[in-house]
Every structure is written in structure tokens, then in C-alpha cells.
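The following report describes a protein model, section by section. Please consult the sequence and the structure shown below while reading.

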Amino acid sequence: MKVPPLSERPDTEECEQDFLTQPARRKKRSLAATRAALRPWAIGIGLTVLVAVAAVGAYTLGASISSWNDRPSTAATPTVHPAPMPSASSEPPMSGGYVIGPDGVLVRPAEFAADTYTKPELPEEAKENSERGAEAAAEHYLALMVYAWNTGDTGLFEEMSASDSQFAREVTQRIRSLYDEGWLYNDSSIVEHVLKLEPAEASDGDGADNAVAVVLAINSVDGTICQKKNIYVHEQQYHSIFALVLTWDDGHWVVTRAGMEKTDD
């Protein structure tokens, strides 16, 4: 199916400060291919990650949606079981096995409704002011972002983001734009390795107070996306780097900077 990868994003204008210049701390990897794909990021990964990922945009999905209007996948077939067809007298308008709603948008299947997704709970470790606490908080932030894409509810994701975060602002805007004329389900991202975990550097090169840089290697799937009357299905897994700076503020972690970039060829 011709579905654009989530990582193809339009450029943003935000520039981040260098904060990821130290050698990466890796965990044991299980796949040689993943190791080869991620090695360049683990050694000497710096602000180029944030600049690049900020340029690629906020999270991988929303940027490419606008380019899908003129090329929906002709092979995109929903993986759900349509409800029994009603009688001719009451038959609703259909498209590709989906009912067309009164607003002209395909009706989301009930079995994949937003309320079938459970809100991620903050791990106990993420409540600690420590590097391990920052790592757990970074993974939780990723879970909140996935939840927001699958449900359209950006509240928890915004609460954990700094008010001036360009990344969070773009993610939120793209999710709202998608749900204005569609929906998404089965989006997922799983952390495979922690590539970096260390105190973050401030703009002057000194260590920033209560700030930790975290770089995660993740495995993602885009899922099923609806845009008006078009359905796009993307089930292929791909790898990305997710880089964050978290700051301990008033008893909890806040994500002040973040960015993501696909690493697969």
C-alpha cells in the first residue's frame, strides 16, 4: 500500500541548542541490523539530532497527511469486519466497507473507538528526580504521544510538555487537524534501547540544573488512518531515534525539548 512513512515531515523553523554531544550509553541489542542502523546515532549524537528531528517535524505522522489527498491507497482495505448490511430502504452511504457519516467523514469502527485505549499511567520510577526517573518519564512521554494519536486526546501529552515546546505544539496541532476530518487507530511505538542518558548541557556548555538528556531507539507502526473518505493502512515496522531533554520542575519531569527522526533507509 502506498502510504508515506510517518517520518516524512515538512521543515519547522525551530533551532535547538546542542545537548547530546557525549558518547551514547547503549543497552544490549538483539538485532545486528538494528545495531548497524543506530550506530551513527549512538556515537557523537548532538544537537544535529534535535535540529534534524525538529526539521522533520513533530512525531512522524501528521506531516505527511496533507500529501495523501491526491494519492490514496487503492489497495487500502480495512482490517475490520463491517457490520451487516441493512435493508435497501435504510442503507447508509458506504465507502470501502465504512459507513460515511453525516459530516462526510468515514465512521470509525466501534471496536477501535478512542475509548478502547487506556490512558497511560505514570510509572513510580518516573516520579523520582534521578537519571532513571528521567528515563522512565521519557518512555511515559512517548506513550502519551501514542495515546494522543490514537484517541485525539492531547491533554496529558500537553501537560507533560513545556509551554514553549515547539515539538509539543506541532504534535498537538497535527493531531487536532487530523481529528477535524478523520481519525487514527493502531499507531504504536515501542522503546527498544536507551542510547543516551546523562545530564543535559545548557547553551553555554555547562550542565543545566535538573535537566537530563535521553535518547531512545524506538520501533513504530503507523496503523490505520482515515482522512475524510480515504483510508490509509500502514503496518510495516520502522526504526526511529527519539531525543528529549527533561527538566525536574516542582516535583515532576517536564519535557522541554524533543525531536524524532527515522533511521531506516
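In which strand is the place of Val255? Val255 has its place in strand β9 (residues 252-262).

## Basis of the model

This is a predicted model, in which local features need pLDDT of at least 70, side-chain atom pairs count only at pLDDT 80 or more, and totals for chains, interfaces and linings use all residues. Residues are numbered from 1 along each chain as its sequence is written, and side-chain values use heavy atoms, with hydrogens and water left out.

## Overall composition

The protein contains 6 helices and 9 strands. Helices (H or I, at least four residues) and strands (E, at least two) are DSSP runs, numbered from the N terminus. Of the 265 residues in the protein, 49% are buried; buried means under 20% relative accessible area, exposed over 50%, and partly exposed in between (1.4 Å probe, protein chains only). Among contacts between residues at least 6 apart in sequence, 71% join residues at least 24 apart, where contact means heavy atoms within 4.5 Å.

## The surroundings of Val255

Val255 is buried, with a relative accessible area of 0%. Not counting residues up to four places away in sequence, Val255 touches Tyr141, Met160, Ser161, Ala162, Ser165, Leu244, Val245 and Leu246. One of these contacts spans much of the chain: Ser161 lies 94 residues from Val255 in sequence, with the two C-alpha atoms separated by 4.9 Å.

## The sheet β3-β6-β7

An open sheet is formed by 3 strands in the order β3-β6-β7, with antiparallel pairing. Two strands pair if DSSP finds at least two bridges between them. The edges are taken by β3 (182-185) and β7 (230-234); each has a single partner strand, so one side of each is left without a neighbour in the sheet. Neighbouring strands of the sheet are turned by 10° against each other on average, direction ignored. Axes are lines fitted to C-alpha atoms, for helices over the stretch in contact, and angles run from 0 to 180 degrees between N-to-C directions.

Between β3 and strand β6 (residues 223-227), the antiparallel pairing extends over 4 bridges. Leu184 has Ile225 of β6 as its bridge partner, and Tyr185 has Thr224 of β6.

The C-alpha atoms of Cys226 and Arg108 are 8.3 Å apart in space, while the two residues are 118 apart in sequence.

Helix α6 (residues 166-180) lies across β3 and β6 and runs at about 115° to β3. The 15 residues of α6 reach 21 Å from first C-alpha to last, close to the 21 Å expected at 1.5 Å a residue; the expected span is 1.5 Å times one less than the number of residues. Among the buried residues of α6 are Phe167, Val171, Arg174, Ile175 and Leu178.

How do the axes of α4 and α6 cross, and within what distance do they come? The axes of helix α4 (residues 131-151) and α6 come within 9 Å and cross at roughly 20°. That makes α4 roughly parallel to α6, given that angles under 35 degrees count as roughly parallel, over 145 as roughly antiparallel, 65 to 115 as roughly perpendicular and the rest as oblique. In the contact, Tyr141, Met145, Ala148, Trp149, Asn150 and Thr151 of α4 meet Phe167, Ala168, Val171, Arg174, Ile175, Leu178 and Tyr179 of α6. These residues divide into 10 nonpolar, 2 polar and 1 charged. Ala, Val, Leu, Ile, Met, Phe, Trp, Tyr, Cys and Pro count as nonpolar, Asp, Glu, Lys and Arg as charged, and the others, Gly among them, as polar.

With 21 residues, α4 reaches 30 Å from its first C-alpha to its last, close to the 30 Å expected at 1.5 Å a residue. In α4, 17 of the 21 residues are buried, so the helix is largely enclosed by the rest of the structure. Just after α4, Gly152 takes a positive phi of about 85°.

## A partly exposed position

Glu192 lies in strand β4 (residues 188-201) and counts as partly exposed, at 27% relative accessibility. Glu192 and Asn219 are 27 residues apart in sequence and 6.7 Å apart in space, C-alpha to C-alpha.
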